[in-house]
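Please look at the sequence and the structure shown below. The paragraphs after them give a guided reading.

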Amino acid sequence: MVHKSVVHHGYLLVCLLCLSSNAQHMLFPTPLSPRIANYDIDVRLNSEKHTLVGAETLTWHNTSSDYINELQFHLYLNAFRNNRSSFVLDSNRRWSDKKYKQKNWGYIDVTSITTAEGEDLAPHMHFIQPDDDNPEDKTVLRVPLPEPIAPGGSIVLHINFKAKLPEPPISRNGAKAEYAMVAQWFPKIGVYEHGKWNCHQYHYRGEFYADYGVYNVRITVPEKNIVGATGIEVSRQNNSDGTVTHFYHAEDVHDFAWSTSPDFVEFIDQSQDVQIRVLMQKDHVNQSERYMTAAKLAVAYFQDTYGDYPFANLTVIDPRRGADQSGGMEYPTLITAATAYGIPEKLRLPEMVILHEFGHNYWYHLTANNEYEEAWLDEGINTYSEIQIFNDLYGPTGNIIDLLGLKISDLQFNRMGYISLPDRDPIVRNAQDFYSGGSYGVLSYYKSGLALTTLQNYLGRETMLKIMRTFLGQWRFKHPHTQDFIDVANQVSGRNLDWFFDQVLYSAAVLDYSVTQISSRSIDKKTGFDYAYSTVSDSALSDTTIASVGDSTQKSLDDSAKTYKSSVRVERLGSFIFPVELQVVFTNGDTVRECWDGRDEWVKFTYVRKAEIEFATVDPDNKIPMDVNLVNNSRTRKTQSTGINKWMSRGLFAVQFSLDLPELFIAIIARIIG
Amino acid sequence: MLSIIKQGLARMWAHKRLILFFYFANLITAALIILPLRAALNRFAGHSQMADRLRYGMDADLLIEFLQYSGETIGPILLFGLLAAILYWLLTLYLSGGALKLFASGRQYDAALFWGSAGRYFGRFLRLFLWSLLVLLILLLLPQIITLLQRLIFGKDPYEYITYYSGFIRLILYVIGVFFYLMVFDYGRIQIISSEERATRKALWRALVFIRDHFGRVVLLSLIFALTGTVGFFIYYFIADLLNGSIALTIALIFILQQLFMLFRAALRLTGFASETVLYQKYVMP
């Protein structure tokens, strides 16, 4: 809270302080993070050629106990340099030579790199390929040092670079005409941990990992341009050449992105103590309220639910038409959205993107996990948060799609993806090692989100909330790993949940429980020579029944009614073991609940009652969205044909009507062709 | 125009059994597509509690899982549906020969004349259809003028709302084009029957000339039938919405209403054929 009060007045304060560009800016009196990688960057955009010329001063602190002999840098823009980069090769057919003409490729070149003492490091720098040995990939630069950096020591480097943005944007960044989304754009140092550099190449799948620091970035663009960037704008300087330099300052962030366009239309509002700035494209202005409302809801919900958002502002960028690839991405205090003109209000995809991307300002920007190695830690947790927020803000049904009688919730939306490919990989593995891009997405986002929702239903919402808050509290501005989350969950819940996480995260086990059989058959009265003079057996039978079903059903036992021996067989069809509940409903309305640890392949429950089974349902309260087949969770005595007939009669009518309207078909086909 | 419609209605009513021919052709084709789908859904979820939820509305989980786990069944059904739709179209083309001949002759229903004419003109109608595709192609290319205009006025990179609304205008033009094409095809068939024309190209040309010469009347007649169909649909929809329920009785009532509406559609279609025949005869063979 101390930080926030300072931040609120930070803008004015810093403006007053920064009379010269060398002034020291301070938002947080006490650093929130270790501030290992700190950047001062001057960058100039040529808005016609989409090139950048930059001068970067990096101050890097060695917080390890090792002597560091070399540095490694990400040069992400080189992923778009040629058709042999690992990114392009990984993407298979999605990026091809045909799509990109010579002028459209992107790149970054380090033109000089010197130490503070003026020693030139450029002659020894070279590209390395730590992941795949692809010599054509130039996304990681190794810079040997003349002298090692001692533990606790620091180094200051001056790096000049020139870069070109891909056009149109590819995979989060690039330019399109007057619009530019400038992300992963500067030489960025890797993370030194566990005695080595963690500096992965830029792959088609997987995202980023970086240390926190302070960023002072001066962005020079044409004066007509509007700029949105990470951090806060502390000054603006008009230059004689018709450009303006925007000075942005950000503390305790691990990345810096910016966007610019003369066509942006600016909207500003406030949510709790956070200023929200939405930069809309002109053709989406009529959706500005949707954007702003979603952003305000996101800020308020996350602060109220998970804890303080320590930054003063949030900027939402609306990507330009034809630049869709720059949408739906998260950066510290800046997110990119996605929409299309005319999208119906009850198709809440723009809201979903904004809520999701803002969520990353918690799960990734406050807890800076390695997105390439453990994507689930931010994407999965964030998807879980997204499911919660949609459920809480827009209701449990139809909260993402409510059109033409079809209601789909965010939970169902995620299940739809999940059941398509649930079992190709374990969740925890390097992004590029997944079976396919689909498997990476399904497991990192959908399965992880549904697994945490299942865990919430198992532990209770309050406990889950405590887990999330504790995780955020303990790992704020640090680099958590999977085990750290598990440890927090175990500690907060007071249970050993390793059995759950082992199956969810480290195996490809599928969860599917099913009621495979129900049966009720009447028990004939005992007849024959042995029972010729006895009616006692019937009452004995009733006694047995009472004993097995409990007092609640005693009243229903009627000697004159038939007695049935009923059974329910529940099977575990997948290898994922999870405790489940079973509900058995009898024709007289009686209901029985059973618990099963789910360990065996199957279990059979038997009842002797005065009524037949009407239906039986495993997981009757829908607590296990991870179950890949919900239809087989229940079994009814009679065929449920009424609902099927209702929809099939509608279907029949729709087909009849369509057959009778050939002009409709021709018009649709012509429209598609046109 | 009213007298033409009255005469058309009278001729249709004189052959009202044709309504049943067209209606049952439509119903049987649709049933052939839907019944396998119903069987697949029943097999997949018939004994699940989730199927019961369908009484109250579409259940997204059920829909998602049905599509995911019954893909091998649904694919062939959809393919079969496409095939059935083509066969249905051929069947109605076949039946239209008999119907138009009866309407043109002004005679009472005669099974031999109906079925004989259906067979007699089918080949010519098919050839007429193939020639008429040229007309359709031209009509479908017309909306591309909007694309060209858009390119000329707004360039290669127009704002999204420009492409959005120009898409709407194109769609309207497509619908108008198809509407016009169906008129051409109808009058082409009437021309073949009225003049026993074997050269279908000539029939097509004469149909075009007829439409040009009597454009206002022809369009007005088609519009009246199109609007009557639309009004009928809204009346159906209004009543169906009132009846919407989750019990077997309301579901059955809606089914009956749907089939009544389809009977109305079949009658409307035949009245349209008959009225077009009357109009043609009035001005070409007075």
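Predicted model: local features only at pLDDT ≥ 70, side-chain atom pairs only at ≥ 80, totals over all residues.

What follows is an explanation of one chain, its meeting with another, and some of the residues inside.

Of the 286 residues in chain B, 36% are buried. Sequence separation can also be considered: among contacts in chain B between residues at least 6 apart in sequence, 74% join residues at least 24 apart.

The next topic is how the helices of chain B pack. Two packed helices are described by the angle between their axes and by the distance between the axes. For α2(B) and α5(B), the angle is about 175° and the axes are 10 Å apart. Because angles over 145 degrees count as roughly antiparallel, α2(B) is roughly antiparallel to α5(B). On the side of α2(B), the residues of this contact include F21(B), F22(B), L32(B) and L37(B), while those of α5(B) include I77(B), F80(B), Y88(B) and L95(B). By class, the residues of this contact divide into 17 nonpolar, 4 polar and no charged.

A second pair is formed by α8(B) and α9(B). Their axes come within 8 Å and cross at roughly 120°, and the two helices are therefore oblique to each other. The crossing in which α8(B) passes α9(B) is right-handed. Among the residues that meet here are M183(B), Y187(B) and I192(B) in α8(B), and L204(B), F210(B) and I211(B) in α9(B). The residues of this contact comprise 10 nonpolar, 3 polar and 1 charged.

Chain B also touches chain A. In this interface, 56 residues of chain B are in contact with 51 residues of chain A. Several helices of chain B, namely α2, α3, α4, α5, α8 and α11, each supply at least two residues of the side that touches chain A. The helix that gives the most to this side is α2(B), with 13 residues. Sorted by class, the side of chain B that touches chain A has 35 nonpolar, 11 polar and 10 charged residues.

Attention may now turn to the cores. Which residues have the most contacts inside the largest nonpolar core? They are Y291(A), A295(A), V299(A), V316(A), I354(A) and F358(A), in a core of 167 residues. Helix α8 of chain A, residues 437-459, gives the most to this core, with 10 residues. A second, separate core of 46 residues includes Y121(B), M183(B), L221(B) and Y280(B). As for A295(A), the residues it touches, not counting those up to four places away in sequence, include S271(A), I276(A), L314(A) and V316(A).

One further residue of chain A deserves a look. E207(A) lies in the loop between β12 and β13 of chain A. Is E207(A) buried or exposed? E207(A) is buried, because 22 other C-beta atoms lie within 10 Å. Leaving out residues up to four places away in sequence, E207(A) touches E371(A), Y372(A) and A375(A). The C-alpha atoms of E207(A) and S493(A), which are 286 residues apart along the chain, are separated by 31 Å.

Notes:
Residues numbered from 1 in each chain as written. Chains lettered and ligands numbered in written order. Contact = placed C-beta atoms within 7 Å. Helix = DSSP H or I, 4+ residues; strand = E, 2+ residues; numbered from the N terminus. Nonpolar A, V, L, I, M, F, W, Y, C, P; charged D, E, K, R; others polar. Core = buried A, V, L, I, M, F, W, Y, C linked by C-beta atoms within 7 Å. Buried ≥ 20, exposed ≤ 12 C-beta atoms within 10 Å, placed from the backbone. Axes fitted to C-alpha atoms, helices over the stretch in contact; angles between N-to-C directions. Parallel < 35°, antiparallel > 145°, perpendicular 65-115°, else oblique. Left-handed = near helix turned anticlockwise from the far one by under 90°.
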